[in-house]
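I opened the model to look up a few local features. My notes follow in the order I took them.

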Amino acid sequence: MSAALPQVLCLKKGALLKQVFALSRAAVPRESRLCAAGDAFVSSHRHYKSHPAHGIGRFRHLLPKEGPKKKKEKVQMKEINVGTDHEYGDINIQMTSYDMCLVEHFARYVHRLCNRLSIRVNESYAMPTKTNEVLFLEERGSKMHLDAVLTTHQRVVQISNLSATFAPILLEIIQSSQPEGVHLLVKEHTEADFKSRLKSRPELEELLAQMS
C-alpha cells in the first residue's frame, strides 16, 4: 500500500500539469504559439505596425513650411549723411596692415571704444585683401626676380554724428593706442568707398558701355 501511494500522487501531478499546460496554450494567442514553436512557422501578421510609435524618426512634419525662396535683392547704397555745422556726417576710420591679427584686434578696439563713448557706429567691415609682389632686379641683369609677396589687410569702422568738439579727443585716444605697423586714415565716406567694397565685373561694364 505504501509503494502504490507515490505512484498515485505522481499520476495526479501529471494530470494536473497537463491541464495547466492546456489552459496556458489556450490563453496564448495563435501568433505567439507559432513564433514560439522553434521558428517552425512564420507569422504573416505584423502587429508592430499598429504600435503608436510606428512613426518614430520622422521629423519633416514638425518643421515649419518653407515659403517661396526670395530673390536676392541688389545691394543699394544708403544715403550719405553730410552732417551739420556742429556734427560730422558719415566718417570712415580705415586701418591697414600686413598683419591680419593685428589690424583685426585694433579694429575691434576702436569699435568698442566708440560704443563706450556713445558714438554711433553704422557698420564695421573688412575690405578685400590686396596682394602686392615685390620684384628684385640684379645689378648686372635684366630679369626681374620675385623677392616677396605682401598681403594687405584693411578694416573699416564707419561712425556718424560725431560732435565737432569731441572729434579731436577721439582721434587723440585712437592715435595713442595705435599699434606699430598699422596705418590709420580718417576720412569722410563717399560713393567711391561704397563701390570699392563690391566685386568688379569688367565684362558686364563693357557690355553696358556698348549698349549705351
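I began with Asn-161, which sits in the loop between β4 and α4. Helices here are DSSP runs of H or I with at least four residues, strands are runs of E with at least two, and both are numbered from the N terminus. The model is predicted: local features need pLDDT of at least 70, side-chain atom pairs count only at pLDDT 80 or more, and totals for chains, interfaces and linings use all residues. Residues are numbered from 1 along each chain as its sequence is written, and side-chain values use heavy atoms, with hydrogens and water left out.

I looked up the backbone of Asn-161. Its phi is near 55 degrees, a positive value in a residue other than glycine. Most residues other than glycine have a negative phi. Asn-161 is partly exposed, with a relative accessible area of 34%. The classes are buried under 20% relative accessible area, exposed over 50%, and partly exposed in between, with a 1.4 Å probe and protein chains only.

Ser-118 was next. Its phi is positive too, about 60 degrees, and it is not a glycine. I found Ser-118 in the loop between α3 and β2. Ser-118 is exposed, at a relative accessible area of 67%.

Then I went to helix α4, residues 167-176. Which residues of α4 are buried? I noted Ala-167, Leu-170 and Ile-174. Seen down the axis of α4, the buried residues fall within an arc of 65 degrees, so they line one face of the helix. The arc is taken over the directions from the helix axis to the C-beta atoms. An α-helix has 3.6 residues a turn, so residues three or four places apart point the same way. On the other side of α4, Glu-172, Gln-175 and Ser-176 are exposed.

What do the buried residues of α4 pack against? I listed β1 (91-97), α3 (100-116), β4 (144-160) and β5 (182-188). Contact means heavy atoms within 4.5 Å.

Asn-132 lies in strand β3, residues 130-137. At 41% relative accessibility, Asn-132 counts as partly exposed. Its C-alpha is 6.3 Å from that of Thr-151, 19 residues away along the chain. Beyond neighbours within four places in sequence, Asn-132 is in contact with Ala-148, Val-149, Leu-150 and Thr-152.

Glu-104 lies in helix α3. I have Glu-104 as partly exposed, at 31% relative accessibility. Glu-104 and Gln-154 are 50 residues apart in sequence and 8.6 Å apart in space, C-alpha to C-alpha.

I also looked up the second largest pocket. Its volume is about 330 Å³. Of its 15 lining residues, the closest to the centre are Lys-78, Asp-90, Asn-122, Glu-123 and Gln-158. β2 (120-126) and β4 are the elements that give two or more residues to the lining. β2 gives the most, with 3 residues.

Last, I took the chain as a whole. The protein chain has 6 helices and 5 strands. From the N terminus on, the order is α-α-β-α-β-β-β-α-β-α-α. Of its 212 residues, 18% count as buried. Of the contacts with a separation of 6 or more, 71% join residues 24 or more positions apart.

Key:
On a 1 Å grid over the protein atoms alone, a cavity is a set of points where a 1.4 Å probe fits but cannot get out, and a pocket is an open set with protein on both sides within 12 Å along at least five of seven lines; lining residues have an atom within 4 Å of a point. Grid points are joined across faces, edges and corners, and a volume is the space filled by probe spheres set on the points.
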